Amino acid sequence: MLITCPYCGPRDVIEFTYQGDGNRERPNPASQNLDAWNAYVYDRLNPAGDHNEIWQHSGGCRAHLRVVRNTVTHEISSVAFVHGDHTSAARRKAESKS
Amino acid sequence: MAEYSAFSLLANALKGNKDWKPAWRKPDPKASYDVIIIGGGGHGLATAYYLAKEHGITNVAVLEKGWLGSGNVGRNTTAVRSNYLLPANTRFYEHSMKLWEDLSHDLNYNVMFSQRGCLNLAHTPAQFDDYARRGNAMRHLGVDAELMTPAQIKRLIPALDISDSARFPVVGGLMQRRAGTARHDAVAWGYARGADRRGVDIVENCEVTGFLRDGDRITGVSTSRGEIRAKKVAVAVAGSTGRVMQLAGIETMPIESHVLQAFVTESLKPFIDTVVTFGMGHFYMSQSDKGGLVYGGDIDGYNSYAQRGNLPVVDEVMSEMLALFPGLARVRMLRSWGGVCDMSMDGSPIITTGPLHGMYLNCGWCYGGFKATPASGWCFAWTIAKDQPHEFNAPFTLDRFHRGLVIDDKGQGANPRLH
Ligand SMILES: Cc1cc2nc3c(=O)[nH]c(=O)nc-3n(C[C@H](O)[C@H](O)[C@H](O)COP(=O)(O)OP(=O)(O)OC[C@H]3O[C@@H](n4cnc5c(N)ncnc54)[C@H](O)[C@@H]3O)c2cc1C
Ligand SMILES: [Zn+2]
């Protein structure tokens, strides 16, 4: 499986660390809503098909990536920085271009 | 029910083996049943068998989307053990072990249960202490456990590198002698035949595609072979749990599906006569009765419904094998394959009534559910028949996560890919 890191380009999956389901939303730390916390920690969509997930390019630029991957075929349809283009990697890239 | 005996073998041999009955019929599904079990894997078939045998409930159908045994029951590496740390797990898996010890006799079907032992290797003093703790916990509950020294281990497994220059020196191990292996296909076939002979319909090539409802009660299923009604619908679909529960409108579960690979080498002369596990990574190996070394390691590590694996794990498993057994470097690998596991958030299973009215759920086996097959079926049948759990499966509820009662034997938290 190859993942195309927006900063580094296509790299073998062994350079990446899976961080799991990208649909989960961490409740506000001050939240007392136990159901929301439980859902965040334990409940998963687990679809057979396109799955929105987080990977870290741990053996490369170390950016966290949002990847849409098909869990049946392993086809990857999109990869983007989790935090938009504001990562240091993207900034460095932008600077090196200017 | 002793269809297989010395006498019947001889009598059939003399008649050219033409009079054996098929091990199970191929019935068309009826319009309705008392109980429908979705999933003709080991657990679904065992559930049907014990429903009939222990509770006299025989108007039962097992619906299997493929052919019988095409799921994980026919894909696993066949290790059977009850060496857990936490009491809920130890009690449940030890109940399974006791059923295994009588299974061939009970089913009148040779499941080739072989109590060749299971040895966990320790590579650091801390790990050895941890095994001592686990062994003590097991013995408190009446399960056999023994600590072994490197010298004893070397006598048991001569090919193991226990020298100080080994990449990961062996400082000792925890052995469960009553653990071992069983012939996985025979387990499915034996339960299928036992259930069939008691009247259960085993319907292959029948995929469940939806659930029938009356208000908020499940009253049956729609399938690729038509609608079938039932008073009770039990789900035992292992790696497909997420998909099947979505058909019932349940969008999220404390489950992720991941692929686990297994490998077998060409046949060798007797090389190892126990199951051995490596403590510095995740690797385990035994030798099949045909001579192939059967081994595996970690799951691929990301959600997957593909019944095949990817190369990085192949690479990792091979290097772990060579760290333990450098002598296997030139042995050829014959085959590898993958199965889809339903990894639960605490690494322990779920066997419960619900979560919808008229529904019963058996899932979350992670990659260790083969050993559980007899107890899983036995407890699930009890739960379906009596609408309440047996004490052995009472802790394995679906709501334990939300109630803070997780059963996390490995202490890895809510990280299914680490269990
Ligand atoms: C490579 C590998 C190695 C393993 N090694 C071990 C081991 O050494 N020891 C151990 O204890 N465990 C091991 N396991 C785990 C063990 O095999 C499983 O936990 C256990 O077999 C799961 O229960 P089952 O047998 O009922 O599942 P399965 O055999 O997978 O049964 C589920 C069935 O449901 C059917 N199904 C799914 N969806 C539908 C539908 N919509 N309609 C109808 N039918 C449907 C599937 O086709 C399948 O046959 C291993 C697993 C794998 C993949
Ligand atoms: Zn990168």
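Here is a short walk through the model, one selection at a time.

Before you click, note that this is a predicted model, with local features needing pLDDT of at least 70, side-chain atom pairs counting only at pLDDT 80 or more, and totals for chains, interfaces and linings using all residues. Residues are numbered from 1 along each chain as its sequence is written, chains are lettered from A and ligands numbered from 1 in the order in which they are written, and side-chain values use heavy atoms, with hydrogens and water left out.

**Stop one: the zinc**

Select ligand 2, the zinc ion, and show A:Cys5 (SG), A:Cys8 (SG), A:His57 (ND1) and A:Cys61 (SG), which coordinate it at 2.0 to 2.4 Å. Donors here are N, O and S atoms within 2.8 Å of the metal (3.2 Å for Na, K and Ca); water is not among the atoms, so sites may look incomplete. Why is the arrangement tetrahedral? The four donor atoms subtend angles of 105 to 120 degrees, and four donors count as tetrahedral if all angles lie between 85 and 135 degrees. Along the sequence, the donor residues follow the spacing C-x2-C-x48-H-x3-C.

**Stop two: A:Arg62**

Now pick A:Arg62, in the loop between β4 (50–56) and β5 (64–70) of chain A. Strands are DSSP runs of E, at least two residues, and helices are runs of H or I, at least four, numbered from the N terminus. A:Arg62 is not a glycine, yet its phi is positive, about 70 degrees.

**Stop three: where the chains meet**

Show both chains: 27 residues of chain B are in contact (heavy atoms within 4.5 Å) with 25 residues of chain A. Together they bury about 2200 Å², 52% of it on carbon and sulfur atoms; that is the accessible area (1.4 Å probe) the two parts lose on being put together, summed over both. Highlight B:Tyr302, B:Asn303 and B:His402, which supply 27% of the area that chain B buries against chain A, more than any other three residues.

Next, zoom in on B:Glu256 and A:Arg44, whose side chains form a salt bridge (2.9 Å, N to O). The term means a side-chain nitrogen of Lys or Arg within 4 Å of a carboxyl oxygen of Asp or Glu. The count between these chains is one.

**Last stop: a cis peptide**

Finish at B:Pro355, in the loop between β17 (350–353) and β18 (359–363) of chain B. The peptide bond from B:Gly354 to B:Pro355 is cis, with omega near 5 degrees.

Note on methods
Four donors count as tetrahedral if all angles lie between 85 and 135 degrees; four count as square planar and six as octahedral if opposite donors are over 155 degrees apart and all others between 65 and 115; anything else is irregular.
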